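User: I would like to learn how to read the features of a model such as this one, step by step. Could we begin with the charged side chains and then move on to the fold, the surface and the interior?

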Amino acid sequence: MKTCPACNVNLEPKTNGYAMGSVLAHDRIHADVYVCPKCKGIYLYESENDNMMKCPVCGNMHHVGEKCLYCELNRIPGANAAS
């Protein structure tokens with residue numbers, strides 16, 4: 001369990017695997033979002049590995065709940081998302 005550094009109370013998990021950065025950035029960061037119920041502070045921690053997967057086609061890391069953006073962009077006629 002993660003605790004608030006300001007209040008020392010347990011943080012509440014809000015979102016797992018929130019994608020941060022440009023969709024075109026290779027190996028962008030995914031964060032787990034936590035909120036302090038007391039001070040309402042928002043804290044980001046790098047996603048745990050069990051929420052992430054490597055795309056079997058291009059090797060890009062993405063959250064298990066989302067499609068691989070590189071592969072999806074490359075399906076658009078005329079698009080060329082470098083991976």
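**Reading the features**

Analyst: Lys14 is exposed, with a relative accessible area of 52%, where exposed means over 50% relative accessible area, buried under 20%, and partly exposed in between (1.4 Å probe, protein chains only). This is a predicted model, in which local features need pLDDT of at least 70 and side-chain atom pairs count only at pLDDT 80 or more, while totals for chains, interfaces and linings use all residues. Residues are numbered from 1 along each chain as its sequence is written, and side-chain values use heavy atoms, with hydrogens and water left out.

User: How many salt bridges are there, and by what rule is a salt bridge counted?

Analyst: The rule asks for a side-chain nitrogen of Lys or Arg within 4 Å of a carboxyl oxygen of Asp or Glu, and by this rule there are two salt bridges. In one of them Lys14 meets Glu12 at 3.8 Å, N to O, and Glu12 is partly exposed at 35% relative accessibility. Glu72 and Arg75 also form a salt bridge, at 3.4 Å from N to O; Glu72 is partly exposed at 28%, whereas Arg75 is exposed at 64%.

User: Which pattern does the protein follow along the sequence?

Analyst: Helices (H or I, at least four residues) and strands (E, at least two) are DSSP runs, numbered from the N terminus. Here one helix and five strands are found, and their order along the sequence is β-β-β-β-β-α.

User: Which residues make the nonpolar surface patch?

Analyst: In general, patches are made of residues with over 30% relative accessible area and no salt bridge, like charges being joined within 9 Å and nonpolar side chains (Val, Leu, Ile, Met, Phe, Trp, Tyr) within 5 Å; accessible areas come from the Shrake-Rupley method with a 1.4 Å probe, and for residues only the protein chains shown count as cover. In this model Tyr18, Met20, Ile29, Ile42 and Leu44 make a nonpolar patch of about 510 Å², to which β1 (12-20) and β3 each give two or more residues. Ile29, in strand β2 (residues 29-35), is exposed, with a relative accessible area of 53%.

User: Is Ser47 buried or exposed, and what does Ser47 touch?

Analyst: Ser47 lies in the loop between β3 (42-46) and β4 (52-54), and Ser47 counts as buried because its relative accessible area is 8%. With contact meaning heavy atoms within 4.5 Å, and residues up to four places away in sequence not counted, Ser47 touches Gly17, His30, Ala31, Asp32 and Met52. Of the 83 residues of the protein, 28% count as buried.
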